[in-house]
Amino acid sequence: MTPDEYCQDKAASSGSSFYNSFRFLPREKRRAITALYAFCREVDDVVDECSDANVARTTLNWWRNEVAAIYGGKPQHPVAQALVQVVRRFDLAQEHLLEIVDGMEMDLDQPRYADFKSLQLYCYRVAAVVGLLSAEIFGYTDRKTLKYAHDLGIALQLTNIIRDVGEDARRNRIYLPMDEMQRFGVTAADILDARETEGFRKLMAFQIERARFYYQQALGHLPDADRKAQRTGLIMAEIYQAILQEVAASGCHVLKERVSLTPSYKLWLAFKAWLKN
């Protein structure tokens, strides 16, 4: 298996909505974004699949060395090998790849967030930075597009957090800001024990409105001149806003079940967004 084939397999096997959006890209950009996505999956899996925090931390440090090797050495991992040509071709910043690793490491150190400001740092590292790197791959003519990419990354991550509250709780992680939980009378025990109170529903409605604000703000930043180049991100916005709508329509039943869209519906949304933009 070549490095590119490994990345393709990693992306396809994840079952993520992101993979649907890649299909419409020209070959070189599809190869690049697939390698970037595979990198994100690899470092995320380190934290999610390793039960020993010390081993996970050691592995993330190994990945930091791999990132350094991408920019000036001989990386060992097939994903890092695939990224060598990608970072050169699209001038991707080394510090951005390291920010992603730092974001994943936050899951080892910080299972709770006091307020939205502290959560924003996490969202920036694991999602907004990915948006900025993706924008470089897709191409842009106006630097306002980077504001769009940043805010869209935040919106996508907030949607993940909303959708995965129950799943994250089973890993003893709560990404809902604790001061906002307190405002709506929701305790950590409520989340961990999957108690769906009226306060919890109001808390989730508040989170949904914030995510919608970030989508609106992101799309407002995107110049018309760059809409065509950034269609892949717009496809993701379409799919993830549909997920957000499904969560809201379900009454925010996210503690015991995970809202998802069928593959055919996601593909239809992707095709619709591609034609629209």
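Contact here means heavy atoms within 4.5 Å. This is a predicted model, with residues numbered from 1 along each chain as its sequence is written. Local features need pLDDT of at least 70 and side-chain atom pairs count only at pLDDT 80 or more, while totals for chains, interfaces and linings use all residues; side-chain values use heavy atoms, leaving out hydrogens and water.

**View 1. Helix H4 and what covers it.** Helices are DSSP runs (H or I, at least four residues), numbered from the N terminus. H4 (residues 53–72) has 20 residues and spans 29 Å from its first C-alpha to its last. That's close to the expected 28 Å, taken as 1.5 Å times one less than the number of residues. Its buried residues (under 20% relative accessible area, 1.4 Å probe, protein chains only) are Ala 56, Leu 60, Trp 63, Arg 64, Glu 66, Val 67, Ala 69 and Ile 70. The cover over them includes H3, helix H5 (78–90) and helix H6 (94–109).

**View 2. H1 packing against H3.** Helix H1 (residues 3–13) meets helix H3 (residues 27–49) at about 65°, axes 8 Å apart. The axes are lines fitted to C-alpha atoms over the stretch in contact, and angles run from 0 to 180 degrees between N-to-C directions. From H1, look for Asp 4, Tyr 6, Cys 7, Gln 8, Lys 10 and Ala 11; their partners in H3 include Arg 31, Tyr 37, Arg 41 and Asp 45. Sorted by class, this contact has six nonpolar, two polar and six charged residues (Ala, Val, Leu, Ile, Met, Phe, Trp, Tyr, Cys and Pro are nonpolar; Asp, Glu, Lys and Arg charged; the others, Gly among them, polar).

**View 3. Inside the largest nonpolar core.** A nonpolar core is a set of buried Ala, Val, Leu, Ile, Met, Phe, Trp, Tyr and Cys residues joined through side-chain atoms within 4.5 Å. Helix H7 (residues 116–138) gives the largest share, 14 residues. Sequence neighbours within four places aside, Ile 191 touches Val 165, Leu 176, Phe 200 and Leu 255, among others.

**View 4. Val 254 in its loop.** Val 254 sits between helix H13 (231–249) and helix H14 (263–276), and counts as buried because its relative accessible area is 1%. Gly 166, 88 residues away along the chain, has its C-alpha 5.8 Å from that of Val 254.

**View 5. Ile 154 in helix H8.** H8 covers residues 144–163. Ile 154 is buried because its relative accessibility is 3%. Beyond four places in sequence, its contacts are Gln 120, Cys 123, Tyr 124, Ala 128 and Tyr 214.

Terms used:
Buried < 20%, exposed > 50% of the residue type's maximum accessible area, 1.4 Å probe, protein only. Helix = DSSP H or I, 4+ residues; strand = E, 2+ residues; numbered from the N terminus.
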